[in-house]
Amino acid sequence: MTLTPTLSIVVPCYNESKNLDRLVSAFRCAIGSRQDIELVLVDNGSKDDTADVMGKLLTHPENTFARSVTVDVNQGYGYGILFGLRKSHGEYLAWTHADLQTPPEDVIRALNCLIQMPDPSNSLVRGNRKGRPIFDQFFTSAMGWVASAALGGSYFDVNAQPKVFHHSLMQHMDEAPYDFTLDLYILYVASELKMDIELVDVRFDLRTEGESKGGGTLLGKYRLCKRTFGQIWKLRKSLQQSQRVASTKAVKANEAPAKTRSAA
Ligand SMILES: Nc1nc2c(ncn2[C@@H]2O[C@H](COP(=O)(O)OP(=O)(O)O)[C@@H](O)[C@H]2O)c(=O)[nH]1
Ligand SMILES: [Mg+2]
């Protein structure tokens, strides 16, 4: 591993012991001989044997490209990702899921796409899921229309993995949420910063091991919907607030020369 990795890939794991072996092998294949990419597995306060399985896998000499960090008590999906990102030193940072629904090679493709963009340190690349069941696509599109109309921008398939971006974006993540709306939040922040956002098509496979805890079930979709609308509402309020501040500043800036002229 080089001193400063080009890319740190953060993977939040919550009760994912059954997926870890395949996950680490798949990343080993995807990373190949590159010494400048690290995998940062976050044991996000798991209650199963994730910690043991992770510990054993990481002692294997083939897996020196990977390391782990531990959240003692689970505080949510977003918290786990932010925890891993803050302990990562890559010039670029990424996150993706542990259940292998998005193949690891698509994370490397997303990195390649990012570094070919005109200004990679001011850009973000995100996945765009292909091949999903019709109902899931419909649900995601409906959420996308609502989010895009409310926030003004393109917010389709926000929960697709991965997200890849320059580490400097972390300076703007202090108020990031600790739940599943982190994916929406980072896109909102990037868009407010006028960053270039590029989509890469990614495969989206079925989860074969472990339980879906996000939007993969009907109940999960309902919860995700509720949280996302809550987050949209918060972001919309802060957007309106910053627009008000900007227009007040603009009015003051227009008044200032007039005052100066009349005083002269
Ligand atoms: N629900 C949940 N998932 C977490 C948490 N921390 C990490 N994860 C991981 O988040 C990823 C996405 O979860 P998943 O259940 O596959 O969501 P879904 O595909 O949207 O149903 C998986 O890699 C989980 O292990 C957490 O605190 N809660
Ligand atoms: Mg999943």
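This is a predicted model: local features need pLDDT of at least 70, side-chain atom pairs count only at pLDDT 80 or more; totals for chains, interfaces and linings use all residues.
Leaving aside its neighbours within four places in sequence, which residues is Ser46 in contact with?

Residues are numbered from 1 along each chain as its sequence is written, chains are lettered from A and ligands numbered from 1 in the order in which they are written, and side-chain values use heavy atoms, with hydrogens and water left out.

1. Ser46. Beyond its neighbours within four places in sequence, Ser46 is in contact with Cys13, Tyr14 and Asn15, where contact means heavy atoms within 4.5 Å. You will find Ser46 in the loop between β2 and α2 (50-59); helices (H or I, at least four residues) and strands (E, at least two) are DSSP runs, numbered from the N terminus. Ser46 counts as buried because its relative accessibility is 16%, and buried means under 20% relative accessible area, exposed over 50%, partly exposed in between (1.4 Å probe, protein chains only). Its side chain makes a polar contact with the side chain of Asp43, at 2.8 Å. A polar contact is a pair of N or O atoms within 3.5 Å; within protein, one must be able to donate a hydrogen and the other to accept it, and residues adjacent in sequence count only if both atoms are side-chain atoms.

2. Most residues other than glycine have a negative phi, and most peptide bonds are trans. Asn15, one of the contacts of Ser46, has a positive phi near 55 degrees. Asn15 sits in the loop between β1 and α1 (17-31) and counts as partly exposed, at 23% relative accessibility. Asp157 also has a positive phi, near 55 degrees, but belongs to the loop between α5 and β6 and is buried, with a relative accessible area of 8%.

3. A cis peptide bond. The loop between α5 and β6 also holds Pro162. The bond leading from Gln161 to Pro162 is cis, with omega near -5 degrees.

4. Lys163. Strand β6 (residues 163-166) contains Lys163. Is Lys163 buried or exposed? It counts as buried, because its relative accessibility is 0%. Its side chain reaches the backbone oxygen of Val158 at 2.8 Å. Among the residues that Lys163 touches, not counting those up to four places away in sequence, are Trp95, Asp183, Ile186 and Leu187.

5. The largest nonpolar core. A nonpolar core is a set of buried Ala, Val, Leu, Ile, Met, Phe, Trp, Tyr and Cys residues joined through side-chain atoms within 4.5 Å. The largest one here has 37 residues, and those with the most contacts inside it include Leu85, Trp95, Phe165 and Ile186. α6 gives the most to this core, with eight residues. Apart from it lies another core, of 33 residues, among them Leu39, Leu41, Met54 and Ile108.

6. Ligand 1. How many residues surround ligand 1? There are 20, and the closest are Glu16, Asn44, Asp99, Ser212 and Lys213. A nitrogen atom of ligand 1 is 2.7 Å from an N or O atom in the side chain of Asn44, while an oxygen atom of ligand 1 is 3.2 Å from a polar backbone atom of Tyr77. Taken alone, ligand 1 exposes 560 Å², and the protein buries 92% of that.

7. The magnesium ion. Asp99 (OD) and Gln101 (OE1) coordinate the magnesium ion (ligand 2), at 1.9 to 2.1 Å. Donors are N, O and S atoms within 2.8 Å of the metal (3.2 Å for Na, K and Ca); water is not among the atoms, so sites may look incomplete. Both Asp99 and Gln101 are buried.

Definitions and conventions: A residue is near a molecule or strand if one of its heavy atoms lies within 4 Å of it. Accessible areas come from the Shrake-Rupley method with a 1.4 Å probe; for residues, only the protein chains shown count as cover.
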